[in-house]
Amino acid sequence: MKIYTHVLLIMLIIILGISPAVSPARAALYQTTFQDLVYGGDSYDYPWTMEPLPGGGFIVAATTQSFGQPHLQRYDGSLWVTRITPEGRLALSMLYTPPKPAIFYDSALLPDGSIVVVGSTGDYREAVVARIAANGTPVYYEYLSPGVPVYSIGLTSVDLHGNNIVAVGFFYDLSRYKAIQWIVVLDRNGTVISSVGIDLGAPYYYPITFSLHIEGDTAVIAGYGYTNPGFVLGYNLTGNTIEYAYKVGDSRGDKYYGVTVEDGQIILVGVTDDLGGEDAAIISIQDNGTLNWGLLLRSNGTDRLFGVHTDGEHVYVSGWAQPEPDRYGNDTLVAKVRLADGRLAWHRIIGSVNDDWAYRTYVDQAGNVYAIGGYGTPDAWDDVIILRLSSDGGMISCPLIRNTTLTTAPYTPPITPITPTILAYTTTPTPQPLSYTNITVETYRLCPPLVGGTAHTTQEPGTTSIYTLTAGILIILYTATLRRAKPQTE
Ligand SMILES: [Ca+2]
Ligand SMILES: [Ca+2]
Ligand SMILES: [Ca+2]
């Protein structure tokens with residue numbers, strides 16, 4: 001009977017050993033790749049965007065105030081492009097100092113490994129587009145203007161359409177006294193092919209385009225109004241027509257910072273004040289304006305989402321939450337939601353005692369979830385942080401996990417058709433000098449990696465029951481065996 005007990009024990013170890021949660025093969029894989037990567041200089045470093053590379057790793061285009069010339073405002077600075085290997089090392093680190101400090105909001109990866117970066121100068125007087133070759137050499141840096149006097153201008157998002165580069169943004173047209181949304185199509189050399197303005201019409205007074213996703217020939221564009229709710233529109237890039245346009249939400253507190261499209265669903269992420277305060281919002285709509293589902297993630301503080309990515313089955317989102325704003329400021333929020341119905345799979349809150357956030361998120365083919373944003377260093381001069389989580393929300397630096405659970409609520413904002421007007425503008429690029437140099441920084445990690453962690457998990461149905469059942473049966477068998485074995489051992 002003693003032998004039988006030991007056989008059962010060994011069986012238990014083997015069965016638990018091959019279950020996905022503690023697979024030795026996966027644990028080994030984790031140890032050879034990064035769980036988190038942090039780097040930065042002695043001042044603010046703001047990473048708004050990252051581009052996953054086909055063979056693994058990323059290119060990160062950040063705005064830095066640590067290097068280059070002095071900044072003008074809160075968020076502007078020089079461009080800092082880093083190439084990160086799949087193991088989490090910096091393979092390239094280049095600083096580009098533009099003639100005026102600028103903010104770099106978004107990037108797109110071209111097939112030759114170069115990136116296009118868009119933004120605006122810190123005073124919002126010039127829109128900016130740059131292309132950086134794979135080896136770090138600048139191909140061009142130019143200002144774009146719509147050919148009319150403007151009060152404020154910027155490019156906030158960029159994506160590819162065939163061989164062309166599509167950049168979107170906004171400007172305030174002083175001849176019309178209106179904020180105009182802007183779609184500029186360029187070739188890869190930075191020559192403008194077309195430039196279109198979109199007047200969203202009433203009730204929009206000062207809307208801001210913030211995000212672009214190109215699906216087929218449709219540029220799906222989302223943003224918000226300072227005094228009006230969020231919006232989403234589909235612009236056909238070959239027909240130059242508006243396919244659809246909606247006001248989303250019913251108050252100025254409804255804002256959308258991220259958009260993507262999967263399986264005909266338009267996914268928008270941002271913030272709403274529908275239930276009071278500010279809560280992180282995710283909605284899925286059809287292009288006919290039908291709401292598929294909507295989900296809120298809520299703490300007592302302000303919660304916002306910026307990044308959205310899908311893998312066909314799930315939606316991954318990133319931003320910040322404020323479960324304890326007085327103690328920890330913003331904390332990074334990463335969540336995984338089922339595409340079909342918006343059911344929350346898990347969310348994680350990760351942060352330091354200073355402000356932390358994640359503007360972009362991405363999932364690789366193995367299901368690993370990456371989020372890039374700012375880490376509030378002890379002296380509060382933010383550094384770039386890239387977090388890596390496993391598909392079940394585990395694998396994250398130990399002291400950063402906030403032991404807090406956000407509440408969820410359904411979200412059903414009104415979706416109302418609007419009728420934008422297309423306007424013609426002549427956009428001329430003005431080449432600018434861009435000096436560049438190699439810079440070296442130390443990368444660091446925040447603590448030894450922790451396998452598993454304390455995930456705040458709302459599991460999807462069926463994913464835990466088999467493990468629970470297996471473990472339960474084994475414990476009963478083991479206990480029963482011990483009881484039967486006991487008289488013989490005495
Ligand atoms: Ca809240
Ligand atoms: Ca924090
Ligand atoms: Ca820093």
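Strand β2 and strand β3 (residues 58-64) run antiparallel and are joined by seven bridges. Strands here are DSSP runs of E with at least two residues, numbered from the N terminus, and two of them count as paired if DSSP finds at least two bridges between them. One spot to look at is Pro52, which stands opposite Phe58 in β3.

A word on what you're looking at: this is a predicted model, where local features need pLDDT of at least 70, side-chain atom pairs count only at pLDDT 80 or more, and totals for chains, interfaces and linings use all residues. Residues are numbered from 1 along each chain as its sequence is written, while chains are lettered from A and ligands numbered from 1 in the order in which they are written.

**The sheet**

Zoom out from β2 and β3, and you have an open sheet of five strands, ordered β2-β3-β4-β5-β33, with antiparallel pairing. At the edges sit β2 (45-52) and β33 (435-438), each pairing on one side only. From one strand to the next, the twist averages 20 degrees; axes for such angles are lines fitted to C-alpha atoms, and the angles run from 0 to 180 degrees between N-to-C directions.

| Pair | Bridges | Facing residues |
|---|---|---|
| β2 and β3 | seven | Pro52 and Phe58 |
| β4 and β5 | six | Arg83 and Leu92 |
| β5 and β33 | four | Met94 and Asn438 |

β4 covers residues 78-84 and β5 covers residues 90-97. Together they make a hairpin with five residues between them, and Gly88 in the turn has a positive phi of about 90 degrees. As a reminder, strands of a sheet pair through backbone hydrogen bonds, either parallel or antiparallel.

**Glu262**

Now over to Glu262, which lies in strand β18 (residues 255-262).

Leaving aside residues up to four places away in sequence, Glu262 touches Ile267, Thr310, Gly312 and Leu339, where contact means C-beta atoms within 7 Å. Glu262 and Gly312 are 50 residues apart in sequence, yet their C-alpha atoms are 6.4 Å apart in space.

**Confidence**

How far does the predictor trust itself? pLDDT is its confidence in each residue, from 0 to 100. The protein averages 85, and 82% of the residues score at least 70. Over residues 448-470 the pLDDT is below 50, and this stretch has 36 contacts in the model beyond near neighbours in sequence. Residues 486-490 are also below 50, with three such contacts.

Methods: Contact = placed C-beta atoms within 7 Å. pLDDT = per-residue confidence, 0-100.
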